[in-house]
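I opened a new page for this chain. My notes follow the order in which I looked things up.

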Amino acid sequence: MLFSELKCKSVINLKDCKCLGKVGDLEFDECSGQICKLIIPGGNKLCSFFGGEPEFVIPYKNIKKIGPDIIIVDICY
């Protein structure tokens with residue numbers, strides 16, 4: 001799967017069925033090449049300073065399923 005395909009998918013939290021947004025970036029291990037974390041950007045940075053949408057950093061172990069249209073994660077926030 002290409003990163004361009006991955007970042008078009010919506011990320012849904014299994015705990016509350018809330019859409020967290022779309023993948024903005026990845027963190028990966030340089031040695032193994034494996035994905036470590038998905039980064040889901042919040043809203044406008046200025047808005048997040050005043051209590052807007054937070055940025056979500058989701059460890060790979062919390063990704064439950066990557067489907068054709070969505071990514072299901074299991075996180076508490």
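I call a residue buried when its relative accessible area is under 20%, and exposed when that area is over 50%. With that cut-off, 25% of the 77 residues of the chain come out as buried. I note here that the model is predicted.

Entry on the overall layout. I counted two helices and seven strands in the chain. Going along the sequence, I wrote the pattern down as α-β-β-β-β-α-β-β-β. I then looked up the surface: the chain exposes about 5400 Å², and carbon and sulfur atoms supply 58% of that area. Of the contacts with a separation of 6 or more, 33% join residues 24 or more positions apart.

Entry on the hairpin. I checked how β1 (residues 10-13) and β2 (residues 19-22) run, and they pair in the antiparallel sense over three bridges. Val-11 has Gly-21 of β2 opposite it. Five residues lie between the two strands of this hairpin, and Cys-17 takes a positive phi near 60° there.

Entry on the core. I asked which residues make up the largest nonpolar core. I found 12 residues: Leu-6, Val-11, Leu-20, Val-23, Leu-38, Ile-40, Phe-56, Ile-58, Ile-63, Ile-71, Val-73 and Ile-75. The elements that give two or more residues to this core are β4 (35-40), β5 (56-59) and β7 (70-73). As background, I noted that nonpolar side chains tend to be buried together in soluble globular proteins.

Ile-58 is in contact with Val-11, Leu-20, Cys-36, Lys-37, Leu-38, Ile-40, Val-73 and Ile-75.

Entry on Val-23. I found this residue in the loop between β2 and β3 (25-28). Is Val-23 buried or exposed? Val-23 counts as buried because its relative accessibility is 5%.

Entry on the cysteines. How many disulfides are there? I searched for pairs of cysteine sulfur atoms within 2.5 Å, and the count comes to zero disulfides. Cys-31 counts as exposed because its relative accessibility is 81%. Cys-36, at 29% relative accessibility, counts as partly exposed.

Methods. Residues are numbered from 1 along each chain as its sequence is written. This is a predicted model: local features need pLDDT of at least 70, side-chain atom pairs count only at pLDDT 80 or more; totals for chains, interfaces and linings use all residues. Side-chain values use heavy atoms; hydrogens and water are left out. Buried means under 20% relative accessible area, exposed over 50%, partly exposed in between (1.4 Å probe, protein chains only). Two strands pair if DSSP finds at least two bridges between them. Helices (H or I, at least four residues) and strands (E, at least two) are DSSP runs, numbered from the N terminus. Contact means heavy atoms within 4.5 Å. Accessible areas come from the Shrake-Rupley method with a 1.4 Å probe; for residues, only the protein chains shown count as cover. A nonpolar core is a set of buried Ala, Val, Leu, Ile, Met, Phe, Trp, Tyr and Cys residues joined through side-chain atoms within 4.5 Å. Lists of a residue's contacts leave out its neighbours within four places in sequence.
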